[in-house]
Each structure stands twice: as structure tokens, then as C-alpha cells.
Amino acid sequence: MTNERRVLVHPDRAALAASVAARFITTTVDILHEQGEINVVLAGGSVANEVLAAINASAARDTIDWDLVTFWWGDERWVPKNDPERNELQARNALLDHIAVPAANIHPFAASDEGTDLDSAAAAYAAQLEAASIEGTALPRFDITFLGVGPDGHVASLFPHQPGIRESEASVLAVRDSPKPPAERLSLSRPALNSSRCIWMVLAGPDKASALGLALAGASRDEVPVAGIKGRRYTNFFVDREAAAEVPENLTASTF
């Protein structure tokens with residue numbers, strides 16, 4: 001099976017969100033035609049939510065049979081259910097509350113005010129993943145996994161020089177020492193993310209340029225966690241022109 005890394009450069013942030021949204025709709029329709037269902041992993045962050053809002057605003061939105069789409073999250077902040085910083089709430093506001101997706105197809109992480117602790121929440125999510133797993137694994141077949149990338153190169157809640165990026169067994173991590181607040185989080189592990197058929201990283205802004213350039217230049221995953229993330233078939237970096245500033249031209253394809 002081939003495995004490619006591609007950097008697709010867009011002129012600005014608005015064009016980036018619109019392009020990724022359009023590609024998501026067409027890719028999802030194709031995957032549903034091919035296999036009858038799709039598992040999508042969502043990311044937090046402002047650009048990711050702009051993509052979800054663009055999907056919602058698209059005239060082609062309902063060419064997708066949302067009954068056949070299952071949503072998971074790559075990570076979550078350990079905050080109350082209705083906290084505006086919660087990735088789940090942001091995704092619901094941007095897209096999920098506006099489409100005809102069954103409630104049973106949406107799998108958020110537990111929240112801090114739902115009567116559980118961080119370790120139990122991690123174990124419970126791992127159990128949800130295993131319950132939906134494909135034969136011979138402890139994970140669903142993740143088809144499209146969205147990820148943002150921090151200025152320090154972190155993905156999901158896997159941060160530089162933290163033990164999470166080195167975890168090789170667990171599918172879900174309880175994070176207690178995040179250098180970015182809040183300190184407590186839940187995250188899929190690197191092996192869980194890398195089980196995805198396609199990983200779509202969406203980056204915008206000049207503060208992301210260094211991390212992206214280092215990752216593509218072969219930095220270690222401990223130094224720049226995004227360098228250790230690679231989908232089974234494709235790893236696409238959807239970026240704006242500012243985020244692509246330190247990527248060698250031979251690795252990029254322009255969309256304008």
C-alpha cells in the first residue's frame with residue numbers, strides 16, 4: 001500500500017477552509033460508495049472549526065448520507081460539558097447540530113462534570129473504540145482523521161518531550177502535564193492516530209511555518225510530534241501560504 005505526504009498550499013485561510021470542506025464532502029461520498037460507512041476523527045482549534053462550518057454552509061452538504069458517518073475526536077480538554085473551550089461543543093455548533101447524523105454515531109470524550117475521573121474517562125473511550133473495532137485490532141477503521149498542529153509541533157494532545165508522544169501500546173491517553181492549558185486532557189495516542197487511512201492536517205498562519213518545515217525536514221517526533229504522524233495511505237497537509245513559508249517548493253502543490 002502506498003503512503004504519501006502531500007502539502008497543498010492555499011492562498012489564504014478562507015480559501016483553505018472552503019477547499020478542505022469541498023474535498024471532505026467529495027471524499028466522504030466516494031468512501032461511502034466504496035464501503036458503505038465512514039469513521040471520521042475530528043480535531044479542535046479555530047481552523048478545524050472553520051472547516052466544519054464551511055462543510056455546513058456548502059450546498060453539497062447533504063449529498064452525504066449522514067446516517068452512515070460516525071464521528072470520533074482526536075483529543076479533548078478536561079473541562080465541563082458546556083465549556084466553550086470543549087472541542088465537542090465547538091464541533092456541534094459548527095456542524096454536528098445542523099446535520100441529520102444519529103446521536104449514536106457521535107462519540108465525544110467524557111467531560112469533567114460527568115461524574116468520572118480522567119483515567120476512567122480514558123479507559124471508557126478506549127472501550128468505545130474497541131467496541132467499534134475492526135477484526136484483529138482494538139480500533140475502528142478510521143478513514144479520515146483531521147488534525148491541527150500547534151506552533152510547537154504538537155498534534156491532538158501529544159506535546160514535545162512529553163511521554164504521550166512515546167506511548168506505543170494504549171489507544172487513549174490521560175494527559176496531566178499539558179504545557180498548553182488546561183493541563184488535563186484526553187488524547188488518542190500516536191499509534192491510534194497512525195492507524196488512520198488518511199490523515200488531514202489543516203494549518204494556517206505564520207506561527208505554524210517552523211513546525212511544518214521541521215516535520216517535513218525529518219525532525220524527531222519527540223522534538224516535533226507532528227513528524228511522527230503518518231496515515232496508512234495518505235498524509236495531507238492542507239495549509240495557507242503563510243504556514244507553507246518554510247516548506248521546500250518541491251514538496252508543495254499550489255491550489256491557486
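In the predicted model, a salt bridge links Arg 141 to Glu 37, with the closest N and O atoms 3.3 Å apart. Arg 141 is located in the loop between α4 (118–131) and β5, and Glu 37 in the loop between α1 and β2, so the pair ties together parts that are 104 residues apart in sequence. Both partners are partly exposed: the relative accessibility is 24% for Arg 141 and 41% for Glu 37.

The count of salt bridges comes to 14. Another of these pairs joins the side chains of Arg 61 and Asp 62, with a distance of 3.0 Å from N to O. Arg 61 has a relative accessible area of 17% and is therefore classed as buried, the limit being under 20%.

Glu 88 is buried, with a relative accessible area of 2%, whereas Arg 92 is partly exposed at 22%. Through shared partners, salt bridges join Glu 88 and Arg 92 with Glu 76, Lys 81, Arg 86, Asp 97 and Glu 114 into one network.

Helix α2 comprises 12 residues, 46–57, and spans 16 Å from its first C-alpha to its last, close to the expected 16 Å. Its buried residues are Val 47, Ala 48, Asn 49, Val 51, Leu 52 and Ile 55. The elements that cover these buried residues include the helices α1 (13–35) and α3 (87–94), together with the strands β2 (38–42), β5 (144–147) and β8 (198–203).

Note on methods: Residues are numbered from 1 along each chain as its sequence is written. This is a predicted model: local features need pLDDT of at least 70, side-chain atom pairs count only at pLDDT 80 or more; totals for chains, interfaces and linings use all residues. Side-chain values use heavy atoms; hydrogens and water are left out. Helices (H or I, at least four residues) and strands (E, at least two) are DSSP runs, numbered from the N terminus. The expected span of a helix is 1.5 Å times one less than its number of residues. Buried means under 20% relative accessible area, exposed over 50%, partly exposed in between (1.4 Å probe, protein chains only). Contact means heavy atoms within 4.5 Å. A salt bridge is a side-chain nitrogen of Lys or Arg within 4 Å of a carboxyl oxygen of Asp or Glu.
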